[in-house]
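This report walks through one protein structure, beginning with the whole chain and then turning to a few of its parts. Please keep the sequence and the structure in view while reading.

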Amino acid sequence: MSYVMTSKPIKRQEKIRAMLLARNVVTLGEFCAELKCSESTIRNDLKDLDARGLITRTFGGAVANENTQDNISMEARKGLHIEEKRRMAAFIANHILFAGCTVTLDTGTTTAEIAKAILSAKLPLNVITDSQAAAIVLGKSPNISLYLTGGRYQPQKDAYIDQTAEQLVLSMRSDLYFLTCNGVSAEDGFTISDVSEISIKRSMAQCAKRTICVVDSSKLGKASLKVIFAPTQIKTLITDWNANPAHLEALRAIGMDVIVVPRDPADEPARAVAPEGEPT
């Protein structure tokens, strides 16, 4: 009798891969705690995913490999570090963006939260994005002039990342580009698991006055499959209050401006980041 996996295990295994994409290495205990499953259930999932070549099992957990991102949905990544992503997004809307600026939004769950924060702030902005999720949110606002790249839609990314999308991006200019990725380290730079996204991310950076990387702290000190930018190519990083001090120190030592968004809005630094010549 053939074994047919039901929807619940499929969703759980997608979440396992999403966790690995975010952190590269996850322990058995961390899987159990976040997915609220028994060790035996997680072990069976890891065994199955490893047999299919989608992860690599280790003693006491698992690591991501070059196939981990295959066909993983954005939906599976939504619940990971959601509080941190929302706080970073609110900080960006309240302290970095300014009326009339043009913003380029990357694809991903973090930039989807930035889109929601922009909607709440009611700022008049021009927004360029390849993210369907961000476009759906921002399309509701009369304050936003929205440019969705179009091109070939990739459901697992909920985004458009082919050459057609790149052509639109390269024809435009923006003040700020918010970059997301799978890993940031002082040694390896800004890295990603899905190589198909590299070209459009580089195009977005090329057309922006300033690129700001926005990642939750689980991605710091990690390196994924492919380098998007070298460590010194991106000058500003925004992350959350859970960041490892050693990772922050290493990034600042190479000249990066690292902004740590606190958990409590009352503790936010009274400063902003803006392109040269624009209001701060």
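## The protein as a whole

How much accessible surface does the protein have, and what percentage of it belongs to carbon and sulfur atoms? The accessible surface comes to about 12600 Å², and 50% of this area belongs to carbon and sulfur atoms. When reading such values, it should be kept in mind that the model is a predicted one.

The protein has 280 residues, of which 54% count as buried, and its secondary structure consists of 10 helices and 15 strands.

## A sheet of three strands

One part of the protein is an open sheet of three strands, which follow the order β10-β11-β13 and pair in the antiparallel sense. Its edge strands are β10, residues 183-185, and β13, each of which pairs on one side only. From one strand to the next, the twist averages 35°.

Strand β11, made up of residues 189-192, is joined to β13 by antiparallel pairing over three bridges. Within this region, Ile 192 stands opposite Lys 226, a residue of β13. Helix α9, which covers residues 198-206, packs on the sheet and touches both β11 and β13, while its direction makes about 10° with the direction of β13.

## Two packed helices

Two packed helices are described by the angle between their axes and the distance between the axes. Helix α8, residues 163-170, packs with α9 at an angle of about 5°, and the two axes lie 9 Å apart. Because angles under 35 degrees count as roughly parallel, α8 and α9 are described as roughly parallel to each other.

Which residues of α8 and α9 meet? On the α8 side they are Ala 165, Glu 166, Val 169 and Leu 170, and on the α9 side they are Ser 199, Ile 200, Ser 203, Met 204 and Gln 206.

## A serine in a loop

Ser 218 lies in the loop that runs between β12, residues 208-214, and β13, residues 226-229. Is Ser 218 buried or exposed? Its relative accessibility is 12%, and since buried means under 20%, Ser 218 counts as buried. The side chain of Ser 218 also makes a polar contact with the side chain of Asp 216, at 2.4 Å.

Technical notes: Residues are numbered from 1 along each chain as its sequence is written. This is a predicted model: local features need pLDDT of at least 70, side-chain atom pairs count only at pLDDT 80 or more; totals for chains, interfaces and linings use all residues. Side-chain values use heavy atoms; hydrogens and water are left out. Helices (H or I, at least four residues) and strands (E, at least two) are DSSP runs, numbered from the N terminus. Buried means under 20% relative accessible area, exposed over 50%, partly exposed in between (1.4 Å probe, protein chains only). A polar contact is a pair of N or O atoms within 3.5 Å; within protein, one must be able to donate a hydrogen and the other to accept it, and residues adjacent in sequence count only if both atoms are side-chain atoms. Accessible areas come from the Shrake-Rupley method with a 1.4 Å probe; for residues, only the protein chains shown count as cover. Two strands pair if DSSP finds at least two bridges between them. Axes are lines fitted to C-alpha atoms, for helices over the stretch in contact, and angles run from 0 to 180 degrees between N-to-C directions. Contact means heavy atoms within 4.5 Å. Angles under 35 degrees count as roughly parallel, over 145 as roughly antiparallel, 65 to 115 as roughly perpendicular and the rest as oblique.
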